[in-house]
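Subject: Structure handover

Hello,

Here is the structure I promised to pass on. My notes follow below it.

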Amino acid sequence: MNRFDYIRPGTVAEAVSAAAVPGSAYLAAGTNLLDLMKIGVARPERLVDLNYLPGLDAIEALPDGGVRIGARVRNADLAQDPGFRRRFPAVAEALLSGASGQLRNMATVGGNLLQRTRCPYFQDTASACNRRAPGSGCDARGGENRLHAVLGWSEACIATHPSDFCVPLVALGAVVEIAGPAGPREVPLADFHLLPGATPERESVLAPGELVTALRLPAEAAGFAAHARYVKLRERTSYAFAVVSAAAALRIEDGRIAAARLALGGVAAKPWRAEAAEAALVGAAPDAAAFQQAAEIALAEARPSGDNAFKIELARRIARRALRLAAAGTPERLPALPASPFAPLSGGLHG
Amino acid sequence: MTRLIVNGAEQVVAAPPEARLSTVLRDGLGLTGTKIGCDAGDCGACTVLVDGAQVCACLVPLGQAEGARVQTVEGLAADPMGAALQHAFQAHGAAQCGYCTPGMLMAAMEVLQASPRPAEAQVMAALGGVLCRCTGYRKIVTAVMEAHRFLDAPAAPLPEAGQAVGARMGRADGWPKLDGREAYGADAAPADALWLRPVRSPHAHARFTLGDTAPLLARHPGLERVLAAADVPGRNGYGIYPDIKDQAVFAEGLVRYRGDVVCALVGTREAVEAVRVEELPLDWEVLPPLAEPGAALAEGAPALHERWPDNVLTTGRVRRGDAAAALAASVHVAEGRWQTSFVEHAYVEPEAGWARRVGDRIEVFASTQAPYMDLEEVAGVLGLPHAAVRIVPTACGGGFGGKLDVAVQPMLAIAAWLLRRSVRATWSRSESMASSTKRHPARIEARAGCDAEGRLTALEFEGIYDTGAYASWGPTVAGRVPAHSTGPYRVPHVRSRARAVLTNNPPSGAFRGFGVPQAAIAQEALWDRLADAAGIDRLEFRLINALRAGDATATGQVIAASAGLPACLEALRPRWAALREEAAAENAAGGPLRHGVGIACMWYGIGNTGMSNPSTMRITLEPGGRLAFHNGAVDIGQGSTTVLLQIAADALGLPASAFALVLGDTDLTADAGKTSASRQTFVSGRAAMEAGLALRDAILLRANAGPEGRLALSDGMLTVDGRPLHLEAPLEGLGRFDPPTVPLDADGQGVPYATYGFAAQIAALAVDTELGTIRLKRIVAAHDVGRAINPLLVEGQIEGGIAQGIGLALMEEYLPGRTENLHDYLIPTVGDVPAIESILIEDPEPLGPYGAKGIGEPALVPTAPAIFSAIRDATGAEINRIPALPHRVLEAIRRKEGAG
Ligand SMILES: Cc1cc2nc3c(=O)[nH]c(=O)nc-3n(C[C@H](O)[C@H](O)[C@H](O)COP(=O)(O)OP(=O)(O)OC[C@H]3O[C@@H](n4cnc5c(N)ncnc54)[C@H](O)[C@@H]3O)c2cc1C
Ligand code: SF4
Ligand code: FES
Ligand code: FES
């Protein structure tokens, strides 16, 4: 690791001005950043530590029924918050399916949004990678790319965004609150992460120095609480990133779907909201045929970026599974293994 | 300056705010009980509590712990629940190598502080972020759930004289693993030691030149030396076989795999870490690699080493009868092809150690499985006589075969020798994974037949094992596989061949089972299909064919005794029936989840294949009454220190608690051979028994007592039948054992092993046929161990072996260059290991100590084939490409449906 400056700002304004200096990086819990610094992928010249910033660590109920989550709130604290968990069960389930207890106790909401891809070539400084070193090429093309993107990828980059948390958030219409040198602004989470195009090094809409201060979930998101699930396919039982995942949320009225939300994880460089599939579900009966059709629509544009055609079918199936589980109803208590496709089902899916 | 409260005491630390808490605790405060396994959040070995919450100390920047309350393993005993948890771990055998233990204990404390009597699911959730490669987790979960019972209970008494063999005794070396005192390779180097950092090839195959390093040295004050090939005082080569020293300490202009060492930086820690690889004057000419055995065997392929022009390192064969004719005449024939992957040992402790020069001798302290082999390698690379080398094994945080090859030892010895300073090194996780040996990926084609009654007639087996860039243990694997290719069954006609093929991959070496687990996957799949074809229950089919005492094996060896496979199968029969009924009932309901039950057996020859492998043990009794057991067998967590002590104690007739232990150090102990091939209980155990008996004879002779004389030792006074025995000179009991074998001839005929372990395991699972995921429900394991010297430790070996078998079957796939960390390379977590029932069968081995054989490797062998058998049972799908990741399971299901 190289020597660098370490700054501990006391206000958001100080943080933003400190970070506006080129070569700066925000340090939240560091669970991602410290590792990237050790392996030489991130080489910031100054670290702006957010850990002592006041006012970014609250979970606030908003008067309109929504909720605001400070960027410094720990993943575990959010998932364990009884009010939040009751109203946004799929988000809690996604949080609890990520990483390990230790990491959830540390990792912050802002850091989770901005964690970098797990593409192994991105992490290996001896490999060519347009995201890490623009213009150097992409060793994942023609390399080990079994777990790479099937949606929204470009010739320049086929990496995926690894977050679980973001998948139900984008489904539920979360909004990102940002402070920056040019003042505050907000951006829907759906527009926050950028697809790679020709500039994979630009991962989000944040301008230099901009700070995520909070996330907001609108009141209507809580309307899905009775039918909201997150399902994650992993290659071991826990403590693993998703191969593919899906968040599904339904509002069922009189045996018909009155509103639907569906998003996919592990398939693209951003959490992937499937709005066309949502639209197709509205008005339908919550049955296998409707879910099948929604899954087809969600993946209609998908194409393999390498040795990963299987992910397309797997993503369809995980979407279907999430919809079926959501339709069966959010369980009283979160399953012992959150987001596991093996969780026993009240609706008797597994007979 | 940062203020912390560590285990209740305030500490003020002068370290930069971005320093990791783990580094501050270990290097700044000397609290080395907190372990480092990955430095990346992937393993949990560094788990501590910060303000009561478990976190990875390796990812906490010091600046964020300002004023925080930090609890580490060193402070555990002061908390009543902490002390109870330690006692529970000791009583339940929850620590093996002990390297994950501090992290496990601290993670467990988080849940115990909230719920002193946690439910299983709570414990599993709390421990989900700590990896253990040894135990299979089950005993850890039990210990945590039962911790509350140890709140007031006194420690369990040790067995009395004559009662040690067969006792469920806690580990003799257990406590230091529970309170943070155990010193592993990275824990004990002197404070002023220099650091060594190797520079490794990022290419699988390349030529290189290393230019003048003087400018680099000038640019980095504190960098003392850049060591390269020309600096090696002796032979620049090492390797397992005395006549194959093909792996250079520092490559000589050519690298053969991504991981070969080009040179090493030696200096202060800050200096060696500050050097960027790009700064080195290295010129590369990248060459096309031979990426897999097919390419290496192709006509005209370039030779990796001149010595093996066709890239075939070794070929092992067994030929008996006429397999082709017998197959042609068989009523039922089954055949198939399988392909397995590189598997990483993933011991949680990365390679580490330190060395110093003492006059004209060199001393190396390192984590190892084979101190005497290390001694030979160090002597060789330094050009020194053996007597000038001392190897002192540190505690070993897991080995499984991977620490049989040297790693840090030669480089450290060279640096310490030349610089006349203490020099230390610790591989990073990615370096450990890139450079260490792997389980051989195997491509197997096999065909077998049986008659109408289900009696096996013949087997043809062809295995190609990717042995990587250097020989390592490749010849052993190629030798062992054909001898085991029939599995533990009577097969009259056999033609089998295994070849170890050189490629530009990491060297494949020794890994629990030496190639046999891969072969077992193929065999057992064939038996299932033959059983189905013959219309015979799969368990009964195996019983019909099981080797029994008096039968001849494919190598022509007649098994004289201790062939407990039929007993294992009979013990499993009721569980088999019950689990099959359960699965059938669950399947009756339909749905995407299909339940299945599978079975597989194994045998495993204990000790080296057709080769001498002696062990010597020594017990001394000094006039002052000090009774010392000099034991050179390295305990890498499997428990040999405890088991050999139990044997020695009963042979001598004194309680285990009477002994002082002198372990490992090559200056103080005799050569016990390496900790491999499941040999320590059988071979060193017999030597320990002989040593105990010899000392007993000597004592009885001096005391003029009869063979039944009762010994006692208290306050330094030995009594025989109550009469004090005064000694003027020390007494010694020496025991040596070398299991009798007959080398294999060109057709693989001979007596490769003096005895075999046998086992059968059942796996019950569910397959999600939509998603391709597998949920294990239960493993039932019946193992013939001859005699369970310590049933607690035997169960621990079985559970740990099963966990590794699960990894092999379902998730582990090492891709050179791409999975050099523990989040891309997945090993089982606590949630991946289902309930395990162990059934111990004791069919005594006359040659073994008190009838014992070995258990280390056997436990792993049948697990993967039993899992594939269960997948086959659940879905009809045949897993040929291993591991069975979800996409491969789905593909196999599709293939089967396509085939109708
Ligand atoms: C072993 C392991 C397993 C994991 N498994 C999973 C998993 O299964 N699922 C999953 O979703 N995640 C997983 N993660 C990722 C984990 O969730 C992230 O590391 C974590 O959320 C990052 O949060 P942090 O607070 O530590 O961020 P940091 O590491 O401090 O920061 C990450 C990035 O975000 C930037 N940043 C942080 N906060 C802000 C802010 N407020 N405004 C602007 N920029 C900011 C930083 O500059 C940095 O670039 C895993 C991580 C590890 C180490
Ligand atoms: S996929 Fe993207 S992140 Fe991975 S190597 Fe290619 S450019 Fe880099
Ligand atoms: S050393 Fe910290 S998680 Fe592995
Ligand atoms: S005892 Fe857990 S890693 Fe060895």
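α7(A) gives the largest share of the shell around ligand 1, four residues. Helices (H or I, at least four residues) and strands (E, at least two) are DSSP runs, numbered from the N terminus. Please note that this is a predicted model: local features need pLDDT of at least 70, side-chain atom pairs count only at pLDDT 80 or more, and totals for chains, interfaces and linings use all residues. Residues are numbered from 1 along each chain as its sequence is written, while chains are lettered from A and ligands numbered from 1 in the order in which they are written.

Back to the ligand. β2 (24–27), α7 (109–114) and β8 (211–217) of chain A each supply at least two residues of the shell. There are 31 residues around ligand 1, and A:Ala28, A:Gly98, A:Gly110, A:Gly111 and A:Leu114 come nearest. A residue is near if its C-beta atom, placed from the backbone, lies within 6 Å of the molecule. The site is shared between chains, because residues from chains A and B surround ligand 1. By class, the shell has 17 nonpolar, 12 polar and two charged residues. (Ala, Val, Leu, Ile, Met, Phe, Trp, Tyr, Cys and Pro count as nonpolar, Asp, Glu, Lys and Arg as charged, and the others, Gly among them, as polar.)

Next, the contact between the chains. Chain A puts in 40 residues and chain B 45; residues are in contact if their C-beta atoms, placed from the backbone, lie within 7 Å. On the side of chain B that touches chain A, β4(B) has the largest share, four residues. That side has 23 nonpolar, 14 polar and eight charged residues.

Chain B also has an open sheet. Its five strands run in the order β2-β1-β5-β3-β4, with mixed pairing. Strands pair if DSSP finds at least two bridges between them. β2 (9–13) and β4 (53–56) of chain B are at the edges with a single partner strand each, so one side of each has no neighbour in the sheet. β1 (residues 2–6) of chain B pairs with β2(B) in the antiparallel sense over five bridges. There, B:Thr2 stands opposite B:Val13.

Last, two helices of chain B. α4(B) meets α5(B) through B:Glu120, B:Val123, B:Met124 and B:Leu127 on one side and B:Ile140, B:Val141, B:Val144 and B:Met145 on the other. This contact counts seven nonpolar residues, no polar and one charged.

Best wishes
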